[in-house]
Amino acid sequence: MTPSDESRPSSPLLMAAPLLVLLAFLAVGLRTVSNTDFWMETAIGRAVLDAGPFANDTLTHIGEGKPYVKAGWLYGVVMYLAQNAGGGVVTLLHLGAVAAAFWLLSRQAMRQSGPVAVGFALLLCLWLISPRLDARPAVFSLVFPAAMIAILSAQPRGIATLVKLVILQVLWVNMHTTFLAGPVIALAFAAEAFGGGSRHSTLTKSDAPGLLVLAAAMLGASLLNPSFHRIFAHLLQPDAWAGMTDPAASIAQGWTQPFITPFANDFAHKGSAMLINMVMLLAAGLPIGSRHPLPSARTALAVVAAVLATKFSL
C-alpha cells in the first residue's frame with residue numbers, strides 16, 4: 001500500500017527530490033579514473049580478448065603459472081573496450097550503472113515512503129559511497145542486486161522471472177566476487193513469503209517454494225563461468241576480498257584519488273560508523289515490528305547492505 005495522496009508533497013520540486021539527488025550522484029562521480037586497480041582489470045580484458053579466458057596466471061610476477069580464478073574477467077573485457085572507445089566512456093558507464101541501481105531502488109522505496117524521505121536516504125547513500133565512487137567492479141555491479149530486487153518485487157512471477165534472474169546472475173558471477181548475494185536476495189524474499197508477507201508485500205506462503213527454486217537456479221547459474229566450481233573455493237581465499245575487508249586500506253587510497261581526498265576525514269572515525277549502524281537498526285526495527293510492517297525482505301536487505309557499507313567505508 002502506498003502513502004495516500006494527501007501525505008505526498010504537492011510541490012513539483014519536492015516530488016523530484018530523488019531525481020535531483022541522482023543528478024548529484026552524477027556530478028560527484030564525474031572524475032578521471034584514479035583507481036589504480038582499474039588498469040589491471042583492463043589488462044585482464046585485453047588478455048582475454050587476445051587469447052580467451054586463461055587457466056593460469058600470466059599477468060603477475062608473484063602468481064605466474066599458478067591457477068587463475070577471477071570472477072571479474074568480463075568486467076575487464078567491457079572496460080578495455082570502453083577505454084579504447086575514449087571520450088570518458090568508462091566513467092559514463094559506471095555512473096550509468098550507479099544511477100540505474102539507485103533509480104530502481106528509489107522506485108521500490110517510494111511505494112512505502114514519499115519522495116522527500118527517499119531523497120534524504122539517497123543523500124546518505126551519496127555520502128557513504130563518495131570515497132569509493134570510481135571505476136571499479138564493485139561500483140559497476142551495484143546494478144545487479146538492484147535489478148534483482150526490482151524483479152522479485154514485481155508481479156507476476158514465472159518463467160520470465162526465472163530467465164531474467166538467471167541472466168543477471170550469469171553476468172554478475174563474471175563481473176564481481178559479490179555474486180553470491182544474488183541467491184541470498186532470493187532466499188530473503190522466500191523467508192518473507194514463508195512469514196506470510198505483510199501489508200506492504202505482495203508475497204504469500206504459496207510463493208515460497210517458487211522463490212526457493214529461483215534461489216537454487218541462481219546458485220546453479222553461478223557455475224557458468226570460466227573457472228566453473230573453482231570460483232566458490234576462490235571466495236574462501238583472503239585475496240578474493242582484497243581492498244574490501246580492510247577499511248583503513250580504502251581510506252589510504254585517497255592519495256591516489258585527488259577528487260576523493262576531501263571526503264577522507266569524514267570517514268576516519270569508527271564512532272561515525274557505530275552511530276550510523278545504531279540509527280539504521282533502530283529505524284528498521286520500528287517498521288518491521290509495527291502493526292503495519294514494511295516488506296521484511298527489502299527492509300532486511302537494506303539494513304544489512306547499509307551496515308556493510310559503513311563497515312567497509314568508515
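## Contacts and overall make-up

Of the contacts (heavy atoms within 4.5 Å) between residues at least 6 apart in sequence, 75% join residues at least 24 apart. This is a predicted model, in which local features need pLDDT of at least 70, side-chain atom pairs count only at pLDDT 80 or more, and totals for chains, interfaces and linings use all residues. Residues are numbered from 1 along each chain as its sequence is written, and side-chain values use heavy atoms, without hydrogens or water.

The protein has 15 helices and zero strands. Both are DSSP runs numbered from the N terminus: helices are H or I with at least four residues, strands E with at least two. Of the 314 residues, 43% are buried. Buried means under 20% relative accessible area, exposed over 50%, and partly exposed in between (1.4 Å probe, protein chains only). The protein exposes about 15,700 Å², and carbon and sulfur atoms supply 71% of it. Areas come from the Shrake-Rupley method with a 1.4 Å probe; for residues, only the protein chains shown count as cover.

## Confidence

Mean pLDDT (the predictor's confidence in each residue, from 0 to 100) is 76, and 69% of residues reach 70 or more. Helix α9 (residues 159–173) has the highest mean, at 96. Helix α13 (residues 247–252) has the lowest, at 42.

Residues 245–264 have pLDDT below 50, with 28 contacts beyond near neighbours in sequence. Residues 1–10 are also below 50, with 18 such contacts. Where pLDDT is low, predicted coordinates should not be read in detail.

## Helix α3

Helix α3 (residues 37–51) has 15 residues. From first C-alpha to last, α3 reaches 22 Å, close to the expected 21 Å. That expected span is 1.5 Å times one less than the number of residues. G52 follows α3, with a positive phi near 85°.

Buried residues in α3 are F38, E41, T42, A43, I44, G45, A47 and V48. Their cover includes α4 (73–85), α5 (89–109) and α7 (137–140).

## A nonpolar surface patch

L19, L20, L23 and W103 form a nonpolar patch on the surface. Together they have about 380 Å² of accessible area. Patch residues have over 30% relative accessible area and no salt bridge; nonpolar side chains (Val, Leu, Ile, Met, Phe, Trp, Tyr) are joined within 5 Å, like charges within 9 Å. A salt bridge puts a side-chain nitrogen of Lys or Arg within 4 Å of a carboxyl oxygen of Asp or Glu.

Helix α2 (residues 17–29) gives the most to this patch, with three residues. L20 lies in α2. L20 counts as partly exposed because its relative accessibility is 41%.
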